[in-house]
Protein chains: 2
Amino acid sequence: MQENQKYISVSVIKRLPRYHRYLCELLDANINRISSKELSEQMGLTASQIRQDLNNFGCFGKQGYGYDVQLLCSEINKILGLEQSYDLILIGAGNVGQALLNHTNFSRRGYRFVGIFDCNPRLIGTKIKDIEVMNISDLRDFTRCKNVDIAVLSVPSNAALEMAENVIACGVKGIWNFSNTDIDTPKDLVVENVYLMDSLMTLTYKLNENKIIEKINNK
Amino acid sequence: MQENQKYISVSVIKRLPRYHRYLCELLDANINRISSKELSEQMGLTASQIRQDLNNFGCFGKQGYGYDVQLLCSEINKILGLEQSYDLILIGAGNVGQALLNHTNFSRRGYRFVGIFDCNPRLIGTKIKDIEVMNISDLRDFTRCKNVDIAVLSVPSNAALEMAENVIACGVKGIWNFSNTDIDTPKDLVVENVYLMDSLMTLTYKLNENKIIEKINNK
């Protein structure tokens, strides 16, 4: 990215799927037009925040009219790269991995699993959702013949770095990481982490927050 | 929380499980002492950021010595509320729900599933990990007899709000929400969301970001 180029902040990026979600729900409810005020009330954001967020990508609302829901949804679809489909491989066919494979919403949105890899001999050769589980050692050959956009990393933390290096060496550019460990990101790789244990711990912290703050204040 | 009380920012809270994770790894590697500089290099934060974060909760480091890993780990354990165990129920025993049930790491950290609820007649009465799947209509009776700290909500989006209301009406104070929909939070409820679809869309955005930014800059 050049220095004088526009930069989109992480918090705006993180809100984009949420806009997408709300707009899809509006479309499902046959609502074709919405003011930024109404949208803001539904989403718990300010109208000015919504305008600012969307203005990063273009001018979508009309003064006195609001947003055309269909148009805005389709624009956000484009921004999120959802106009094309994506080929995914799963590395680690354990519980979480299999749950992701069986999650119907992903395929509906154009995310398609094309390969499954594991190192467990009891799994290798079996089929999950009509896809054969391959030995992790076959990954390089597989990626030579097939395009892979995203590797879903669902392996124990102690295997995560090695598997990530494998995947990167095969030229895969995106990692969806469920392994509860941090992956160093080379420049041309993007990683999105789902830290389940961190999330559960955050919930526990919140459950105890009042007690903790009280303790600190009484110190 | 009183107005003059200390307030811990969301970004600090979100980093706490990450500190916990790194400190546990250090302990596993028999490293008992670490300087804030070394810890910062490993975690990709600045030393000053680490000091600031931890100072919110007390004074843990010693000038010229650094951090006692065991002590700091145990303090963060306390802050995260991990000294006690938590009783969880699962609402929705689909793919994701069952993956969470079978995730061994949670029980190791003191998170224990005590009940499973679903509305699918084919699941009700069966056992998963030795726990009988109950009808969702039995939730109120169950919570009258058993303490439940956290409800794990793993139901389709269109059922999420009703289920959340059910759970709240039963007095459960924490919801771990996997339903990819927002839940309005009453004052005495805490919610932690894992939006899988949002996360995957964020990854797709990142994969396409350069193209998108280029397009905006050429407008």
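Modeller: Accessible areas here come from the Shrake-Rupley method with a 1.4 Å probe, and for residues only the protein chains shown count as cover. This is a predicted model in which local features need pLDDT of at least 70 and side-chain atom pairs count only at pLDDT 80 or more, while totals for chains, interfaces and linings use all residues. Residues are numbered from 1 along each chain as its sequence is written, chains are lettered from A and ligands numbered from 1 in the order written, and side-chain values use heavy atoms, leaving out hydrogens and water.

Colleague: Thanks! How much accessible surface does chain A have, and what share belongs to carbon and sulfur atoms?

Modeller: About 11100 Å², with 46% on carbon and sulfur atoms.

Colleague: What confidence does the predictor give chain A and the complex?

Modeller: On pLDDT, the predictor's confidence in each residue from 0 to 100, chain A averages 91, and 97% of its residues score at least 70. The complex gets an ipTM of 0.92 and a pTM of 0.92.

Colleague: How do you know whether B:Asn56 is buried or exposed?

Modeller: Buried means under 20% relative accessible area, exposed over 50%, and partly exposed in between (1.4 Å probe, protein chains only). B:Asn56 has 16%, so it is buried. By that definition, 53% of the 219 residues in chain A are buried too.

Colleague: Where does B:Asn56 lie, and what does its side chain have 3.1 Å away?

Modeller: B:Asn56 sits in the loop between helix H3 (47–55) and strand E2 (67–68) of chain B. A polar atom of its side chain lies 3.1 Å from the backbone oxygen of B:Asp53.

Colleague: And in chain A, why do you say the buried residues of H3 line one face of the helix?

Modeller: Helices (H or I, at least four residues) and strands (E, at least two) are DSSP runs numbered from the N terminus. The buried residues of H3 (47–55) in chain A are A:Ala47, A:Ile50, A:Asp53 and A:Leu54. Down the axis of H3(A) they fall within an arc of 125 degrees, so they line one face. They pack against H1 (10–28), H2 (36–43), E2 (67–68) and H4 (69–79) of chain A.

Colleague: What makes the two copies related as by a two-fold rotation axis?

Modeller: A rotation of 180 degrees with 0.0 Å of shift along the axis superposes chain B on chain A, at an RMSD of 0.0 Å. The copies are thus related as by a two-fold axis. In chain B, the C-alpha nearest that axis belongs to B:Ala99, 3.1 Å away.

Colleague: How do you know that the copies meet through the same surface?

Modeller: 100% of chain B's interface residues are also interface residues in chain A, so the surface is the same.

Terms used. Arc of directions from axis to C-beta. Contact = heavy atoms within 4.5 Å. Polar contact = N/O pair within 3.5 Å; in protein donor to acceptor, adjacent residues only side chain to side chain. Least-squares fit on C-alpha atoms with pLDDT ≥ 70 in both.
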